[in-house]
Amino acid sequence: MTHPAWLRRCLGQSDAVLIVAEGKTPPRDLSTVSELLAPQIPIILLLTWSCRVEAARTAGWVRAAGASRHFHVRGRLDLERVTRLLTGNGFGLVLSGGGARGVAHVGVMRALKEHAIAIDVIMGTSVGAFIGAGIALEWDYASMLEEAKKFGAIRPLSEITVPRVSLLAGRNLNSFLQRWFADLNIEDTPLPYSCVSTNLNSCESVIHRYGNLQACVKASSAVPGVFPPVVLNGMVHVDGGVLNNMPADLIRKDGAGFVVGVDVSGPSGTACELNIIELLTRVGCIGDEAKAALRRKECDVIIAPKLTNVGLLSFAACEQAIEAGYLSTVEKLDQMCMAKPIHGGGG
């Protein structure tokens, strides 16, 4: 910093500070900038990449810059996304929880991509956290369909354990999470992404924007009594749907000016068809129903796939659920096309 007095003066007049850095370079200590800023002035980090986002360096850069927000920029389309989000005009996609019914989110993604509707920011709860992470990592439809089929082949009742804290041990879930997300952090996703869990210690919803991706997704989908709770930073977390199954109210704070919510939480089956796992899954999210209607009103468009015949554990019916998500999205295209931008996707 060759002119610290001038730097201090410029920073003192700022409403926000934008730091641009090459993502492939080692993080540099930028604490001087944050030390000169008033606490309420945000630092926004833009990491530029020549082609694809490389994992491992992002978290270090965010810490070094003291950034409250960060974005990955690989080209013009990414830069346009950043502009929209920073001005509150982004296209936000919110994916609800709903067990196996949530595979319909894959069909929603397929329809949006086929019709060149750009997604700027994604937030998910429970199974919506799983699929939202895949979208944020820019998985293609064929890959998501293949993984959905593999996951659907699992029989949940095959891993029932001695119920100290949960009926299922969660081994299969852990195995898939490790294969899908390995050692990625949320910070590494090319598209801005977050997921929601419930903190049992504080009895409040928590938004995960940073940290180990598979740990946060597991916390978001840890249905009480079905899967073991997840301990993050000394706090016990369970399924985000306990307090907020459709976090449309939260995504607005990330710069989404137009919000599309995908609701897969509707009723399915009859009481006599319930088993204990499905019963616990429904009970776990019933506390959010009182505010669910208000959260749906936060959405500009609600997509509610027709999933009457798909139960919370009907993972084998993944293709039926995906098709329902696709068709329901196509029906809403006219409403979504009122939002900008629409383009061919990519960075």
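A: The search of the whole structure, a predicted model, finds one cavity of 30 Å³ or more. A cavity here is a set of points on a 1 Å grid over the protein atoms alone where a 1.4 Å probe fits but cannot get out, and lining residues have an atom within 4 Å of a point. Grid points are joined across faces, edges and corners, and a volume is the space filled by probe spheres set on the points. Residues are numbered from 1 along each chain as its sequence is written. Because the model is predicted, local features need pLDDT of at least 70 and side-chain atom pairs count only at pLDDT 80 or more, while totals for chains, interfaces and linings use all residues; side-chain values use heavy atoms, with hydrogens and water left out.

The largest cavity holds about 50 Å³ of space. Its lining consists of Ser96, Asn245, Met246, Asp263, Ser265, Asp288, Glu289, Ala292 and Arg296. Of these residues, two are nonpolar, three polar and four charged, where Ala, Val, Leu, Ile, Met, Phe, Trp, Tyr, Cys and Pro count as nonpolar, Asp, Glu, Lys and Arg as charged, and the others, Gly among them, as polar.

The whole structure contains 18 salt bridges, each defined as a side-chain nitrogen of Lys or Arg within 4 Å of a carboxyl oxygen of Asp or Glu. One of them joins arginine 74 to glutamate 138, with the closest N and O atoms 2.8 Å apart. This pair links distant parts of the chain, 64 residues apart: arginine 74 is in the loop between strand E3 (69-73) and helix H4 (76-86), and glutamate 138 is in the loop between helix H6 (127-136) and helix H7 (141-152). Helices (H or I, at least four residues) and strands (E, at least two) are DSSP runs, numbered from the N terminus. Arginine 74 is buried at a relative accessible area of 17%, whereas glutamate 138 is partly exposed at 33%. Buried means under 20% relative accessible area, exposed over 50%, and partly exposed in between (1.4 Å probe, protein chains only).

Aspartate 120 and arginine 84 form another salt bridge, at 2.7 Å from N to O. Aspartate 120 lies in the loop between helix H5 (104-114) and strand E5 (121-125) and arginine 84 in helix H4, so the pair ties together parts 36 residues apart in sequence. Both aspartate 120 and arginine 84 are buried. These two pairs belong to a network of salt bridges that links Arg74, Asp78, Arg81, Arg84, Asp120 and Glu138.

A further salt bridge brings together arginine 252 and aspartate 300 (3.1 Å, N to O). Here too the pair links distant parts of the chain, 48 residues apart, with arginine 252 in the loop between helix H10 (248-251) and strand E10 (256-262) and aspartate 300 in the loop between helix H12 (289-297) and strand E11 (301-303). Arginine 252 is partly exposed at 27% relative accessibility, and aspartate 300 is partly exposed at 37%.

As for the cysteines, the structure holds zero disulfides, a disulfide being a pair of cysteine sulfur atoms within 2.5 Å. For cysteine 195, the nearest cysteine sulfur is that of cysteine 216, 5.3 Å away. Cysteine 195 is buried, with a relative accessible area of 0%.

Technical notes:
1 Å grid on protein atoms, 1.4 Å probe; cavity = no way out; pocket = protein on both sides within 12 Å on 5 of 7 lines; lining within 4 Å.
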